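Here is a friendly walk through a protein model, meant to be read with the structure open beside you. Take a look at it first, and then we can go through it piece by piece.

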Amino acid sequence: MTEADSASAIGAIGAVGVIGAGTMGAGIAQLALEAGHEVRIHDVDAAAIERGRARIRTGLERRAARLDLDPESADAWVDGRLVRLTDAPTLAEVASVGPGLVIEAALEDLELKRTIFHELDALVPARTILATNTSALSVTAIAAAAMGRGRVVGLHFFNPAPVMPLVEVIAASATDPAVVDRSMALMTHWGKVAVRSADTPGFIVNRVNRPFTLEALAMLEAGGTSIETIDATVRADGFPLGPFELMDLTGIDISLAAALAIFERSRAADDPLSERFRPSPVQERLVAEGRLGRKTGRGFYRYDDAGRRLGPAPEFAPADASPDDGADPRTVERIVLAIVNEAYRAAGDGVATPADIDLALRLGASHPSGPFERAAELGGPGAVLAALSALAPAGPRFDPAPSLRSAG
């Protein structure tokens, strides 16, 4: 993109408002600053804004360090972006600059988001795009709180937002197609890979990748394996982390909340196979006990004060206390097949194209290959159907998707 194109893209949107100064809000604000926008950041907690500012400065300093600048130039690069960041104690102050885009990154609470969008809708100019960063809630339900529903869109960034390349652009039922197109173009300008998703439970990544953790938990509950064996097997297949390592890293509470939101939305939509998304009682118990993973020092694994893993929690350690050193190929086959099946179901439901689903799972969930690419590696739809048939007793995640049946 030329400097003229860049200036045009910035000018088309102008200022950007960010609602919520937590980890995601701060990351999104950093991205907007790097792209050249004036940014107003709002949070109901003034201390949260200060913490958000500190995160943004740290993020910009890390970015500057990768630019191979001398210390004085690096400081100037960071300060030149931070000067465009303004605190906004109220939503009215976010609106006062006539932003072209406001991104909400508040807590995953539907009524809270609806309240924010109802107020923003009355404050900002009619041309302003209103975006939610929700990871699993219905964008349509959030948009219903606004009179101008056509300008509401989902922009689902992945954590950490400045680093992860993927953004899911979600069209609600009333979203103006031009708003989706503008959002896609803006995310590209911000250096992201944007994929279109329908407003269905979990969108692309959180839906299609849900078996990555739920199937691992189901195998753990059934007995005969351990968290270390499952994690080792999955890593050996090319994934950067096993499912239990991943849940501990992101937070077991976060994983449970996503699973619960998708499960409840699927039931509300009368999905006959919504049980495939039911959260695991193991997750529910750990969250109830405050064992959320690395951030609390214990989850599926134990951690020292520096966050280094010490080994499995006692209840998840092998009974004979011997180290796990074997990888069972049946374990990864079961997880992968459940993901492939869900990908076919999502494509058949019109959530996204197979190409975008493959791209989203590679970039948003760090899969070594997309689910449709993996299906081809396994021998095509017919081979996948045969493998799913053998696993049918294991539950609804292995009930073949209609589009897979027709393809096989």
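The largest cavity in this predicted model has a volume of about 60 Å³. Searching the whole structure turns up one cavity of 30 Å³ or more. Which residues line the largest cavity? The lining consists of Phe239, Val336, Ile339, Val340, His367, Pro368, Ser369, Gly370, Pro371 and Arg374. Helix 15 (329-348) and helix 17 (371-377) each contribute at least two residues to the lining, and helix 15 has the largest share, with three residues. As background, rolling a probe the size of a water molecule over the atoms shows where empty space is left.

Eight of them form an open sheet with mixed pairing, in the order 3-2-1-4-5-6-7-8. Strand 3 (85-87) and strand 8 (193-198) stand at the edges with a single partner strand each, so one side of each has no neighbour in the sheet. On average, neighbouring strands in this sheet are turned by 25 degrees against each other, direction ignored. Within the sheet, strand 4 and strand 5 run parallel, and isoleucine 103 has alanine 131 of strand 5 as its bridge partner.

Helix 2 (residues 23-34) lies across strand 1 (16-19), strand 2 (39-42), strand 3, strand 4 and strand 6 (152-157), and runs at about 170 degrees to strand 2. Helix 16 (residues 354-365) also packs on the sheet, where it touches strand 7 (166-171) and strand 8. The direction of helix 16 makes about 125 degrees with that of strand 8.

Elsewhere, strand 9 and strand 10 pair in the antiparallel sense, with proline 312 of strand 10 as the bridge partner of tyrosine 301. Their hairpin has five residues between the strands, and there glycine 307 takes a positive phi near 85 degrees.

| Pair | Residues | Sense | Bridges |
|---|---|---|---|
| Strand 4 and strand 5 | 101-104 and 129-132 | parallel | four |
| Strand 9 and strand 10 | 301-303 and 309-312 | antiparallel | three |

Next, a helix pair. How do helix 10 and helix 14 cross? The axes of helix 10 (residues 210-222) and helix 14 (residues 281-288) come within 9 Å and cross at roughly 90 degrees, which means that helix 10 is roughly perpendicular to helix 14. Helix 10 makes the contact through Leu214, Leu217 and Glu221, while helix 14 uses Pro281, Val282 and Gln283. The residues of this contact divide into four nonpolar, one polar and one charged.

Finally, two spots in the backbone are worth a look. Most residues other than glycine have a negative phi, and most peptide bonds are trans. Asparagine 159 and proline 160, however, are joined by a cis peptide bond, with omega about 0 degrees. You will find proline 160 in the loop between strand 6 and strand 7. The other spot is aspartate 270, a residue other than glycine whose phi is positive, near 60 degrees. Aspartate 270 sits in the loop between helix 13 (252-268) and helix 14.

Conventions. Residues numbered from 1 in each chain as written. Predicted model: local features only at pLDDT ≥ 70, side-chain atom pairs only at ≥ 80, totals over all residues. Heavy atoms only, no water. Axes fitted to C-alpha atoms, helices over the stretch in contact; angles between N-to-C directions. Parallel < 35°, antiparallel > 145°, perpendicular 65-115°, else oblique. Contact = heavy atoms within 4.5 Å. Nonpolar A, V, L, I, M, F, W, Y, C, P; charged D, E, K, R; others polar. Pairing = 2+ DSSP bridges. 1 Å grid on protein atoms, 1.4 Å probe; cavity = no way out; pocket = protein on both sides within 12 Å on 5 of 7 lines; lining within 4 Å. Points joined across faces, edges and corners; volume = space filled by probe spheres on them.
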